[in-house]
Amino acid sequence: MATTRASSTTSAGDRRVRRTQAALARALLDLVEEQDLSRVTVADVAEHAGVSRSTFYDHYRDVHELAEAACTAMIDRLIESLPGDFNSTDPEVEATASLESFFASLAEHAGLYRALLGPQGSARVADHIRQRSTAAIRERLEEAVAGASVPEQARPLLSLPLDVPASFTAGALIGVAAEWLQGGCARSPGEMAALTWPLFHSLFRIEARRPS
């Protein structure tokens, strides 16, 4: 019985921590929409979230650490929107739609991503995005290769270890996204998707296996 009560108390404590962290993240995102990240203070975030400064410091060292945590959590969800099925019936339509979703999600919180991926940004966030993107693209490529016949022109690429093209593609995609953010998202997410997909697809030109 004591164990059950202890487990319940721990679970309740975990939920409180998650709620507080979510409230702080939401507060930061709201504030970054109105001003640069560099101008946001701990006091600003705490007041907006409805908590004390001491509560803030129970969870994060400073605003930048909170920004990194909020950004990496969003990135984990954002990566799911990257192109998936290279062997689908209409991969261009599906992949362009997923890339548009990717860029639209970046644009939604452009201020935060711009601050963290810019020249004075966070190496931790940039590395997290690179690693997560590489892993996601590699997984999709493995699935595509497993269910495809490989055209002659693609064989040299696919004879490489898959981590090489996956990391290359992830790095290129992040570079394009960072440049777009720094330029104020001048092109629409749809335009960025249309421009990015041909480059993305050229690295993985795989045809679906058809019944003989």
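Glutamate 34 is found in the loop between helix 1 and helix 2 of this predicted model. With a relative accessibility of 62%, glutamate 34 counts as exposed, because the cut-off for that class is over 50%. Glutamate 34 also belongs to a patch of negative charge on the surface, where it gathers with Asp30, Glu33 and Glu108. A patch of positive charge is present on the surface as well, made of Arg15, Arg16, Arg18 and Arg19. Of these arginines, Arg18 is found in helix 1, which covers residues 2-32.

The secondary structure of the chain comes to 10 helices and 2 strands. Read along the sequence, these elements follow the pattern α-α-α-α-α-α-α-β-α-α-α-β. The chain has 212 residues, of which 40% count as buried. Its accessible surface comes to about 11700 Å², and carbon and sulfur atoms account for 51% of that area. Contacts between residues at least 6 apart in sequence were also examined by their separation along the chain: 71% of them join residues at least 24 apart.

The count of salt bridges comes to 2. One of them joins glutamate 65 and arginine 61, with 3.0 Å between the closest N and O atoms. Arginine 61 has a relative accessibility of 64% and therefore counts as exposed. A salt bridge is also formed by the side chains of aspartate 127 and arginine 130, at 2.6 Å from N to O. Aspartate 127 and arginine 130 are separated by about one helical turn, because they stand 3 residues apart in helix 7.

Leaving out residues up to four places away in sequence, threonine 134 touches Ala166, Ser167 and Ala170.

Isoleucine 75 has its place in helix 4, residues 63-78. Its relative accessible area is 2%, so isoleucine 75 is buried. When neighbours within four places in sequence are set aside, isoleucine 75 is in contact with Tyr113, His128 and Ile129. A further comparison concerns serine 133, which is 58 residues from isoleucine 75 along the chain. The C-alpha atoms of isoleucine 75 and serine 133 are separated by 9.0 Å.

Alanine 49 is found in helix 2. With a relative accessible area of 22%, alanine 49 is partly exposed rather than buried, because buried means under 20%. Alanine 49 touches Ala23, Leu24 and Ala27, not counting residues up to four places away in sequence. For alanine 49 and alanine 27, which are 22 residues apart along the chain, the separation of the C-alpha atoms is 5.3 Å.

Serine 98 lies in helix 5, which runs over residues 91-108. This serine has a relative accessible area of 14% and is therefore buried. Isoleucine 79 is 19 residues from serine 98 along the chain, and the C-alpha atoms of the two are separated by 10.0 Å.

Cysteine 185 lies in a loop, between helix 9 (163-182) and helix 10 (189-202). Although it is placed in a loop, cysteine 185 is buried, with a relative accessible area of 18%. The backbone of cysteine 185 has a phi near 55°, which is a positive value in a residue other than glycine. Most residues other than glycine have a negative phi.

Conventions. Residues numbered from 1 in each chain as written. Predicted model: local features only at pLDDT ≥ 70, side-chain atom pairs only at ≥ 80, totals over all residues. Heavy atoms only, no water. Helix = DSSP H or I, 4+ residues; strand = E, 2+ residues; numbered from the N terminus. Buried < 20%, exposed > 50% of the residue type's maximum accessible area, 1.4 Å probe, protein only. Contact = heavy atoms within 4.5 Å. Patch = residues over 30% accessible without salt bridge, like charges linked within 9 Å, V, L, I, M, F, W, Y side chains within 5 Å. Areas by Shrake-Rupley, 256 points an atom, 1.4 Å probe, with all protein chains shown as cover. Salt bridge = Lys/Arg side-chain N within 4 Å of Asp/Glu carboxyl O. Lys, Arg positive; Asp, Glu negative; His and termini not counted. Charge placed at Lys NZ, Arg CZ, Asp CG, Glu CD.
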